[in-house]
Amino acid sequence: MGPVAPWVVWLIGPSGAGKTTVAEEFARYGFFHLESCDVRGAWGDNDFTRAGVCRQTHRLAHMVRAASRNHPHVVVASVAPHYEDGRRVVTERILHEGPRLRWVELVTPVDVCRVRRPRLWAMQAEGAVAHVAGVDVPFESLHPGEGLRIETVGQSPSQIARAIFSWCRGEGSV
């Protein structure tokens, strides 16, 4: 099921969409898993404003580039970087050479995300966290043709991972 050419699957979606769970499925197949929360913690940066998310996205992209030197297949789980100052910059400036990059949005209804991440939603309601994409600021979906949008409700993480592999193969990535 694994790829035969170097590539990066960058999973995006609102908090509670299932990004980490699907990324863990990819890790079972030999992908190096980079988790946005872990990288954020390493820098002690809990800035969820647009500028903070942009900084985090650029850090992740540089880590992907470094990781891909030793691990040809990388999966990233992160709340959606904004297009102009996030995904476009990653695609055109940071990861324009090296492994193929595929953006994948895990589409999950807000009420399902709320059930999956009740603590985060409660913290937001109490004012303990702010600027969380999909919680109190809009989530910016992939633009048409930018990547794959896949519904998560009713599918297991394994099924979602297989669907993503199939899509990448159809695009000639692997």
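# Close-up views of a predicted model

Of the 174 residues in the protein, 48% are buried (buried means under 20% relative accessible area, exposed over 50% and partly exposed in between, with a 1.4 Å probe and protein chains only). This is a predicted model, in which local features need pLDDT of at least 70 and side-chain atom pairs count only at pLDDT 80 or more, while totals for chains, interfaces and linings use all residues. Residues are numbered from 1 along each chain as its sequence is written, and side-chain values use heavy atoms, with hydrogens and water left out.

View 1. Helices (H or I, at least four residues) and strands (E, at least two) are DSSP runs, numbered from the N terminus. Followed from the N terminus, the elements come in the order β-α-β-α-α-β-α-β-α-α-β-α. Contact here means heavy atoms within 4.5 Å. Among the contacts with a separation of 6 or more, 76% are between residues 24 or more positions apart.

View 2. Two strands pair if DSSP finds at least two bridges between them. Strand 1 and strand 4, which run parallel, are joined by 6 bridges. One place to look is tryptophan 7, whose bridge partner in strand 4 is arginine 100.

**View 3. Helix 1 (residues 19-27) has its buried residues on the same side.** Look for Lys19, Val22, Ala23, Glu25 and Phe26, the buried residues of this helix. They share a side of helix 1 because they cover an arc of only 150° around the axis; the arc is that of the directions from the helix axis to the C-beta atoms. The partners that the buried residues of helix 1 pack against are strand 1 (7-12), strand 2 (32-35), strand 3 (73-78), strand 4 (100-107) and helix 7 (157-170).

**View 4. The largest nonpolar core has 20 residues.** A nonpolar core is a set of buried Ala, Val, Leu, Ile, Met, Phe, Trp, Tyr and Cys residues joined through side-chain atoms within 4.5 Å. Val9, Leu11, Phe26, Val104 and Ile164 have the most contacts inside the largest one. At least two residues of this core come from each of strand 1, helix 1, strand 3, strand 4, strand 5 and helix 7. Helix 7 gives the most, with 6 residues. Beyond its neighbours within four places in sequence, valine 104 is in contact with Val9, Trp10, Leu11, Ile12, Leu142, Leu148, Ile150, Ile164 and Trp167. A second, separate core has 18 residues, including Trp10, Val64, Phe139 and Leu142.

**View 5. Threonine 108 lies in the loop between strand 4 and helix 5 (110-116).** With a relative accessible area of 8%, threonine 108 is buried. Its side chain makes a polar contact of 2.6 Å with the side chain of threonine 152 (a polar contact is a pair of N or O atoms within 3.5 Å; within protein, one must be able to donate a hydrogen and the other to accept it, and residues adjacent in sequence count only if both atoms are side-chain atoms). A polar atom of the threonine 108 side chain also lies 3.2 Å from the backbone oxygen of alanine 17.

**View 6. Serine 36 is found in helix 2 (residues 36-43).** This serine is buried, at a relative accessible area of 9%. Serine 36 and serine 78 are 42 residues apart in sequence, yet 4.9 Å apart in space, C-alpha to C-alpha. Leaving aside neighbours within four places in sequence, serine 36 is in contact with Gln56, Leu60, Ala77 and Ser78.
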